[in-house]
Amino acid sequence: MWGRASHFFHGRPFCSTSSEFPSLYSFLQPSLFTLKPSPPPSRPPSTAGTAPTPLTLEHKTALETTLTSSLAAKNTDEAWKSFKSLTHHSSFPSKSITNSLIAHLSSVADVLNLKRAFASIVYLIEKNPSLLDHETLRLVLISMAAANTPSPAFALVKCLFKNRVFVPFDVWGDALGDISRKNGSFDAFLCVFLENCRVSLDEKLEFMKPGLSGFNAALEGCCWVIESVSHADRVIELMSLLDVRPDESSFGFLGYLYSVKGGLEEKIIELEDLMRGLGFNNRTAFLSNVVRGYAKSGDLASVSKAILHSVDEGNEHGSQISEETYCEVVRGYLKNASVKDLADLITEAQALEPRSLAAERTVGFGIVNACVILGMLDKAHSILDEMNACGVSVGLGVYLSILNACIKEQRTAVAAQLVAEISDSGLQLDVARYDSLIEASMSCQDFQSVFSLFRDMRREGRISDLKGSYLTIMTGLTENNRPELMAAFLDEVVEDPRIEVGTHDWNSIIHAFCKAERLEDARRTFRRMIFLQFEPNEQTYLSLINGYVSAEKYFYVLMLWNEVRKREAGFKLEHSLVDAFLYALVKGGFFDAVMQVVEKSQEMKIFVDKWRYKQAYMECHKKLKISKLRKRNFRKLEAVIAFKNWAGLNA
C-alpha cells in the first residue's frame with residue numbers, strides 16, 4: 001500500500017497549486033530522456049487566476065468511455081487525448097482505467113509514449129497518488145530500463161520521496177539496481193537507496209526496508225564501482241540497523257574492497273572470523289574476490305599468499321577460487337611479473353595439495369586454464385616448459401587444460417606428444433580423456449596420433465577398458481576408407497585380451513578392400529583371418545564374391561566355393577549366399593560347381609529363382625556350342641546339359 005500517513009499532508013493541500021509543475025507537459029523535461037542537454041521547452045501562456053471549467057458528469061463519462069474504447073482498440077493517441085482532456089479540467093479517470101493507460105503507454109516501446117507514461121505518473125504523484133498501483137510503477141521503470149533511459153527512472157523515484165509518497169523498496173529497487181549496473185549510474189542509485197533507508201528508519205516504515213538483494217546491490221557498487229570504504233561501511237551499518245543478515249556475496253564484496261585498497265588485512269581476517277561465526281562454509285566467492293582485489297592492485301605477494309592460504313584451508317576440496325579470478329591472477333602476473341613467477345606459484349601450491357585431489361581442482365589447472373581462456377596458449381606452454389626446466393614435478397592439472405585446448409584447436413600431434421610426457425612422468429589420464437583425444441585425432445585424420453594414443457592406453461596394462469576406443473578407431477578408419485590401416489591395427493591388437501576382436505572386424509576390412517577394388521589385399525586378409533582361427537561367415541563370403549564378380553574374376557569364386565565345401569560340416573548355407581554363388585559361377589561358366597550348389601540348395605530346401613540364372617547364362621554363354629563340348633570336355637558337357645535342364649533352357 002502507499003505509505004502516505006495523514007500527518008504528511010500537514011500544511012499543504014492534497015492537490016498542490018505549486019507553480020513548479022504548472023501543467024501536464026511541464027514534467028516532460030527533455031534532459032531526462034537524452035544524454036545531451038536540450039534547451040528548455042517554451043512555457044505555455046500563463047493561466048494564473050484562470051480556473052479550468054469543471055466537467056459535467058455527462059462529459060466526464062463520455063471522455064472515460066472514449067479512453068476505455070481507445071485502449072481496447074490500441075488507439076494510443078486518442079486515449080492520450082482523452083486523458084489530457086480529463087486532467088486539464090482537474091478530473092481523473094477511475095483507478096483501473098488510469099493504470100491501464102499508463103501500463104499501455106509504457107509497453108508501446110517508443111520514447112514518445114514512455115515520456116507520456118512518465119508525465120502521467122509524476123502528475124498523479126503530485127495531484128492524486130492514491131490512483132497509482134505499485135505494479136504500474138514497476139512496469140514503467142522496467143520499460144525505462146529497457147529503453148536505456150536511466151535519468152527519468154531516478155527522477156521518478158526522487159519525485160516519490162519529494163512528495164512523501166512512500167512505496168515498498170521492492171517496487172523500484174530491483175529495476176533501478178539493474179539500470180545502474182547497465183548505465184554506470186551507481187551514484188544515483190546509492191543516493192535514492194540511502195534516502196529510502198533513512199525514511200524507513202525515521203518513519204519506522206517496515207515495508208520500505210530493502211531486502212538482502214537490495215543491500216547487496218548497494219554494497220556491490222560501493223565495493224566494485226566507487227571502491228569507497230566509508231560508503232560500504234555505511235551500508236553495512238544500515239543492514240545492522242534494519243536487521244538484514246548478510247550472506248556470502250556480502251562478505252565477498254567487502255573482501256574485494258579491503259584487498260584492493262591495501263593495508264586492511266586485519267579487516268579481511270575479521271571478515272573470515274565473522275563468516276565462520278555465521279556458519280558460512282562456502283567461501284569461494286569471498287576468497288575469489290580477495291584474490292581479485294590483490295591482483296588488481298598489483299600486490300602479487302598477497303595474491304600468492306591468499307591462494308596458498310586457500311589451498312591449505314581447502315584441504316581435499318582444493319583451492320576455492322573461481323575461474324574468473326584465475327583469469328585476473330594471470331593478467332596481474334603477466335603485467336607485473338613473469339611466467340616463472342606463475343610456475344613458482346603452481347609449484348608451491350602442488351606441495352600443499354593432497355595427492356587425492358582431482359586434477360581440475362588444482363591451482364595448476366586453474367592458472368593454465370585461465371591462460372587458455374584468455375587466448376594465451378603459448379603462455380600455458382611456457383609455464384609447462386619452465387616447470388620442466390627447473391626439474392619440478394608437474395601435476396596432471398597443468399596438462400589437462402592444454403590438452404583440452406589442443407582438442408578444441410585440433411592440434412592433435414601436440415596433444416599426443418603431451419600424453420607421452422604425461423605417461424613418462426608416471427601420471428595417468430582417464431579413459432574419457434583418451435577417448436576425446438582419439439576422436440579429435442580421427443576427425444582431422446591424424447592417424448599417427450590415433451595409434452600413438454592407443455598404444456599409450458595399452459602400455460603396461462594401465463587402462464583396463466579399451467573397447468570404446470577400439471570401436472572408435474575401427475569406425476573412423478572405415479568411414480575414412482583406410483582398410484590397410486584397419487588391417488595393420490587389427491594385427492597389432494588382435495592378441496590383447498582386453499579387446500574383443502570378432503569375425504565382424506575382419507569382415508569390415510575385407511568389405512572395404514573389395515569396395516576399393518583391392519582384391520588381392522582382401523584375399524590376403526581372408527587368409528590371415530583363417531590363419532588366426534577366426535571363422536568366416538556368410539558376410540565374409542558375400543563381400544568377396546561381390547568383389548570378384550565386379551572384377552570378373554570368377555575363378556576366385558570357384559576357389560571360395562571349394563573353401564565352403566571343405567567347411568561344410570560347420571557352415572550353414574543361407575539363401576543370399578546360394579544366390580551369390582550360383583550367379584557368379586554361372587557367369588564364370590563353372591557349371592559343374594553350379595550343379596553342386598544346386599544340389600546343396602535342394603538338400604537344404606533353399607528356394608532359388610531360376611530366372612536370374614537363365615539371364616546370366618544367356619548374357620555370357622548364348623553362343624556356347626554343345627557339339628564342340630562333346631569333343632573337348634565331356635564332363636563339362638554333362639554339367640551344362642544338367643544346368644540347362646534344371647533351369648528350363650532346353651525347351
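Which residues does Phe643 touch, not counting residues up to four places away in sequence? Select Phe643 together with Val586, Phe591, Val594, Met595, Tyr613, Tyr617 and Leu649, which are the residues it touches beyond that range; contact here means heavy atoms within 4.5 Å.

Before continuing, note that this is a predicted model, in which local features need pLDDT of at least 70 and side-chain atom pairs count only at pLDDT 80 or more, whereas totals for chains, interfaces and linings use all residues. Residues are numbered from 1 along each chain as its sequence is written, and side-chain values use heavy atoms, with hydrogens and water left out.

**The whole chain**

Display the protein chain as a cartoon: it has 33 helices and zero strands. Both are DSSP runs numbered from the N terminus (helices H or I, at least four residues; strands E, at least two). Of its 651 residues, 49% count as buried, that is, under 20% relative accessible area with a 1.4 Å probe, protein chains only. Among contacts with a separation of 6 or more, 69% join residues 24 or more positions apart.

**The core**

Return to Phe643, which is listed with Leu176, Phe454 and Phe581 as having the most contacts inside the largest nonpolar core, a set of 199 residues. Such a core consists of buried Ala, Val, Leu, Ile, Met, Phe, Trp, Tyr and Cys residues joined through side-chain atoms within 4.5 Å. Next, select residues 575–588: this is helix α29, which gives the most to this core, with nine residues.

**Helices α4 and α5**

Select residues 111–127 (α4) and 134–146 (α5), whose axes come within 11 Å and cross at roughly 140°. The axes are lines fitted to C-alpha atoms over the stretch in contact, and angles run from 0 to 180 degrees between N-to-C directions. Show the side chains of Leu114, Ala117, Phe118 and Ile121 on α4, and of Leu137, Val140, Ser143 and Met144 on α5, to see the residues that make the contact.

**His381**

Move to helix α18, residues 377–389, where His381 lies. His381 counts as buried because its relative accessibility is 17%.

**Arg498**

Finally, select Arg498 in the loop between α24 (483–493) and α25 (503–515). A polar atom of its side chain lies 3.1 Å from the backbone oxygen of Arg458. Leaving aside neighbours within four places in sequence, the contacts of Arg498 include Met457, Gly461, Ile463 and Lys467.

Definitions and conventions
Polar contact = N/O pair within 3.5 Å; in protein donor to acceptor, adjacent residues only side chain to side chain. Buried < 20%, exposed > 50% of the residue type's maximum accessible area, 1.4 Å probe, protein only.
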